[in-house]
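Visitor: Could you take one part of this model and walk me through it closely? I would like to see how that part sits among its surroundings, and then how the whole chain looks.

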Amino acid sequence: MFDVKQILAKIDTGETSGVEFKQVIVKHEKIQLKSSDLSDEIAAFANHKGGLIIFGVEDKTNKVIGIDKEVGHQVVELLSSICHDLLNPVLVDFYIDNIAITDKKCLVYIEIDMSLWLHESKHGYFYRHGDSKRKMSTAHILRIGQVRSQARIIHFDEQAVPKTNIDTLQKDLYQRFIDNDSTDEALSLQKRNLLTQDGVATVAGLLMCSQKSDDYLYNSFIQAVFYNGIDKDANYQIEAKDFKGALDQQIINAFKFVERYNQVSAIKNVGRIERPQYSMKAIFEALVNAVAHRDYSKSGSKIRLFMFIDRLEIYSPGALANTLAVDTLISNQITRNELLTRLLSEIELGDDIKVGRKYFLERRGEGVGIIMKESEQLSGKQPIYQMNGEELQLTIFPAKSLQETFA
């Protein structure tokens with residue numbers, strides 16, 4: 001995600017192996033962009049090291065021309081359509097946005113990540129070389145394809161878990177992600193990357209479709225503790241639980257744990273007024289984020305949730321993904337576990353979890369914003385994100401009781 005200054009800085013630098021400009025001509029209120037040529041450009045970035053295409057800039061002079069806001073949405077829709085319909089396989093690691101530069105003009109950009117796969121576009125296989133695209137030779141295609149199949153660049157949640165197979169997974173759990181009428185369940189699970197081509201369970205398959213993932217992926221669970229004090233002191237420990245099983249059930253159980261100790265104060269004035277210590281909507285977002293974005297390759301630590309009388313802390317193993325920083329979490333979205341987030345976004349919440357959404361994860365990048373806003377509105381104190389070594393710590397503060405407020 002870029003702001004105006006960042007985009008203009010990219011334009012000022014000119015086209016590179018990671019940046020391309022496109023002018024948008026409009027005739028009769030229709031944009032004049034050739035989707036087949038654009039599919040080649042997008043594939044070239046995905047097949048290389050990723051990059052940025054900015055629309056509304058003259059590519060020879062770097063002059064910012066802009067796009068009429070009334071037709072900017074056409075560019076966005078065309079780019080989305082290309083990624084889904086004109087590339088094989090479908091491109092999923094991209095971000096499209098528009099930025100206003102005047103009252104009537106905007107720029108549109110698409111940010112493309114380096115893909116795990118080679119993508120074929122309308123005119124073949126392309127890669128980025130200097131400030132232009134080039135067609136891949138057969139030898140280049142084979143070499144890149146071999147490199148990208150290596151586990152070192154495959155997302156960890158898609159990697160195979162040794163000594164597992166389809167029988168390691170629980171049928172009622174994996175049927176949530178495949179066609180119930182499937183005559184070949186193993187093939188269907190392979191298509192969803194829950195099983196490898198060799199029939200071995202993937203990390204995501206195990207985490208979402210087994211109640212015993214901790215047997216293979218050590219510490220892949222949530223530990224929750226409630227202290228009736230302000231320190232981690234066994235003398236004040238009221239309850240401690242380890243929540244294991246499929247990730248969505250871990251989230252629900254941890255959510256209900258917090259809900260159980262989330263004290264609600266009330267006063268009777270004109271009518272009854274109630275105030276909980278914590279926004280359960282914020283707690284839900286925090287738990288989903290911790291589960292979806294933790295580094296499961298780190299077996300030395302688990303997700304830990306601590307409730308004290310003056311704060312709630314959640315620790316998620318793993319340094320921040322890619323170029324994320326603590327102070328940009330609210331405005332940036334980079335997914336460490338793309339497959340896990342996709343699976344969580346397909347599971348509907350039960351009626352007993354009332355957090356204003358239908359699915360576990362909405363994939364709009366709003367989670368951190370909701371945590372900050374909901375919590376600060378309730379308590380008057382902004383939650384704190386900080387890195388502790390290779391753990392991301394979130395601290396949320398409780399609201400004061402209504403009795404204290406109106407005393």
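Guide: Happy to! Let's go to Thr395, which is found in strand 18, residues 391-396. Strands here are DSSP runs of E with at least two residues, helices are runs of H or I with at least four, and both are numbered from the N terminus. A word on the basis: this is a predicted model, where local features need pLDDT of at least 70, side-chain atom pairs count only at pLDDT 80 or more, and totals for chains, interfaces and linings use all residues. Residues are numbered from 1 along each chain as its sequence is written, and side-chain values use heavy atoms, with hydrogens and water left out.

Back to Thr395: its relative accessibility is 6%, so it counts as buried (under 20% relative accessible area, with exposed over 50% and partly exposed in between, using a 1.4 Å probe and protein chains only). The side chain of Thr395 is joined to that of Gln393 by a polar contact of 3.1 Å (a donor and an acceptor, N or O, within 3.5 Å; residues adjacent in sequence count only if both atoms are side-chain atoms). Leaving aside residues up to four places away in sequence, Thr395 touches Arg311, Leu312 and Glu313, along with Pro383 and Ile384 (heavy atoms within 4.5 Å).

Now step back to the whole protein chain, which holds twelve helices and 18 strands. Its C-alpha trace spans about 70 × 55 × 40 Å along the principal axes. Buried residues make up 48% of its 407 residues. Of the contacts between residues at least 6 apart in sequence, 65% join residues at least 24 apart.
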